[in-house]
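This report looks at charged side chains that pair up. Have the sequence and the 3D view ready.

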Amino acid sequence: REALASEAGETIRETGVSAATAVVESLARSFLHGLLFTVSFTVLTVLLHLLVRALDSKKGQDILLLETDGLTTLSDYFVLCTGTSAPQLKALADAAERSMKENDILPHHVEGHRGGTWILQDYGDVVLHLFSPEAREFYDLDRLWQDAKKVDISDVLTGGKQWIPQQ
């Protein structure tokens, strides 16, 4: 604050009031941008937790939340989850989609419903990957994205146990 006030004071002395107004407006825009970023980040965090809870409620296994921001332009987060059968994968996909839809978020793209081994739901900032155990092992996204930050979701999961893949 003191530095900003000092900068505004200097600007007033050097260039007049109109330049100081421009500095204040610029600072206000920066503050609002930061505030909007914080709100957006918080909303995204809440939605990720809702998504993980939806998967956990349908007994999704090996749920992993990866922060991929900075590693790819595809999305900021990947959520990986294993279902033990085609009907469970469908139930996981339905629960995830319902959880997001209840918060006015619809997938941009969905793939794999018919195959029953890998279902992908793309929500823009978040991409959900639902796998059969065989598909998860075959595609091995856990290894492919091993440089991504593993987000702690133990406080969201029933029983608080988070799965971390072997390196």
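Buried means under 20% relative accessible area, exposed means over 50%, and partly exposed lies in between (1.4 Å probe, protein chains only). This is a predicted model, where local features need pLDDT of at least 70, side-chain atom pairs count only at pLDDT 80 or more, and totals for chains, interfaces and linings use all residues. Residues are numbered from 1 along each chain as its sequence is written, and side-chain values use heavy atoms, with hydrogens and water left out.

Side chains of opposite charge can pair when their charged atoms come close. A salt bridge here is a side-chain nitrogen of Lys or Arg within 4 Å of a carboxyl oxygen of Asp or Glu. The whole structure holds 3 salt bridges.

| Salt bridge | N to O distance |
|---|---|
| D94 and K90 | 3.1 Å |
| R136 and D142 | 2.8 Å |
| D140 and R143 | 3.1 Å |

Start with D94 and K90. Both lie in helix α3 (residues 86–101); helices are DSSP runs of H or I with at least four residues, numbered from the N terminus. D94 is partly exposed, at 29% relative accessible area. K90 is partly exposed too, at 45%.

Next come R136 and D142. Are they buried or exposed? R136 is buried, with a relative accessible area of 6%. D142 is buried as well, at 10%.

Last, D140 and R143. D140 is partly exposed, at 24%, while its partner R143 is exposed, at 51%.

Definitions and conventions: Helix = DSSP H or I, 4+ residues; strand = E, 2+ residues; numbered from the N terminus.
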